[in-house]
Amino acid sequence: VSGVEAAFAAFALTSAVAAVFAVTSRQVVHAALWLVLSLGALAGVYLVLGGEVVALVQVLVYVGAVVVLVLFALMLTRAPIGVRRDLSLSTGRRRVAAVAGVAVAVLIAAPMLVAVGSSAVDTSGRGAAAGLGEAIFTGWVLPFELLSVLLLAALVAAIAVSRSQPGGGSR
Amino acid sequence: MIHLAGPVLLVAVLAGTGVYGLLARRNAVLVLIGAELLLGAAGVLFMMGSALPAGGLLALDEPARPGGAVDPLLSGQVATIMLITIAAAEIGLALAVVLLIFRVRATSDLTAVRELGESSPTYTDFDETLDPAGGRS
């Protein structure tokens, strides 16, 4: 086992375990903090897979912005503090959800393991900022600009939704 | 060199937990956490695709050439960055909707919000739920 593979295994294991805790935790704030750990470890996974810039974007956007947004939403919806049993469905429905989750995992893992499971790739030297910037601003420039319009639209829509009053009219 | 079985298993576990979180949670914000995990799984898959040699899956079984061709457009990594951006836009908008539901219904429990119209039994007029101190403890 090479050093790269050991690093990948550590990051991947952290991310997977934290994800499981994030969806099963009985305290809302703990669930959000487990999400921080899971997405942060995912940045490490991206780094090992050769995406240095993508890993930085992941840390900036997810760990920096999205999780803060989630914590603010928890605060503004007056989420309960402490251990709560009513955050998830009843035991029977949770079992159905667990069966669905395991089924999705198996359906994804089985065909892909057959397809690529025995192969190995070289990930070094692919995610440098120079190459990625050149790719984005040459071949991908139109989708990239569309993406900025999408972000602007989402921002305006979020403001419009949160300011609108039911029963028509806005402040 | 890194074996591809690891990323594949990580994608499967993240997608499975994401689906479980989407289905099993009642609190709207916690449902969104499940959606984020699903999007993270998609990101790992894109990054794994980016690590493939030029030619994709077909080129996997050929012996590795030193200095072999790399996709100059880095499709997988650019797709991951766009995925992260779209996910950020999605969660911003989704949390605005959650906040609006909380203001109108005074709850973020999705099992209590069965209908979205004014005919819903849990619907209350906007002004009555404005006071932040009253209502729910």
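A:V29 is partly exposed, with a relative accessible area of 32%; here buried means under 20% relative accessible area, exposed means over 50%, and partly exposed lies in between (1.4 Å probe, protein chains only). The model is predicted, so that local features need pLDDT of at least 70 and side-chain atom pairs count only at pLDDT 80 or more, whereas totals for chains, interfaces and linings use all residues. Residues are numbered from 1 along each chain as its sequence is written, chains are lettered from A and ligands numbered from 1 in the order in which they are written, and side-chain values use heavy atoms, with hydrogens and water left out.

A:V29 belongs to helix 2 of chain A; helices (H or I, at least four residues) and strands (E, at least two) are DSSP runs, numbered from the N terminus. Apart from its neighbours within four places in sequence, A:V29 is in contact with A:L71 and A:L74, contact meaning heavy atoms within 4.5 Å. Between A:V29 and A:A128 there are 36 Å in space, C-alpha to C-alpha, and 99 residues in sequence.

Chain B consists of three helices and one strand, in the order β-α-α-α from the N terminus. Of its 137 residues, 49% count as buried. Among the contacts in chain B with a separation of 6 or more, 58% come from residues 24 or more positions apart.

The contact between the two chains involves 86 residues from chain A and 80 residues from chain B. About 7400 Å² is buried between chain A and chain B, and carbon and sulfur atoms give 76% of this area; buried area is the accessible area (1.4 Å probe) that two parts lose on being put together, summed over both. Seven residue pairs are in polar contact between chain A and chain B (both at pLDDT 80 or more). A polar contact is a pair of N or O atoms within 3.5 Å; within protein, one must be able to donate a hydrogen and the other to accept it, and residues adjacent in sequence count only if both atoms are side-chain atoms. On the side of chain A that touches chain B, at least two residues each are supplied by several elements, including helix 1 (3-24), helix 5 (129-137) and helix 6 (141-163). Helix 4 of chain A gives the most to this side, with 12 residues.

The chains are also joined through strands: strand 1 of chain A and strand 1 (residues 2-3) of chain B run antiparallel and are linked by two bridges, where pairing requires that DSSP finds at least two bridges between two strands.

Zero salt bridges are counted between chain A and chain B, a salt bridge being a side-chain nitrogen of Lys or Arg within 4 Å of a carboxyl oxygen of Asp or Glu. Over all chains, the structure holds one salt bridge, in which the side chains of B:D109 and B:R26 meet (2.6 Å, N to O). This pair links distant parts of the chain, 83 residues apart: B:D109 lies in the segment after helix 3 (75-105) of chain B, and B:R26 in the loop between helix 1 and helix 2 of chain B. B:D109 is buried at 18% relative accessible area, and B:R26 is partly exposed at 22%.

B:N27 is placed in the loop between helix 1 (5-24) and helix 2 (28-51) of chain B. With 7% relative accessibility, B:N27 counts as buried. Not counting residues up to four places away in sequence, B:N27 touches A:V28, A:L87 and B:S108.
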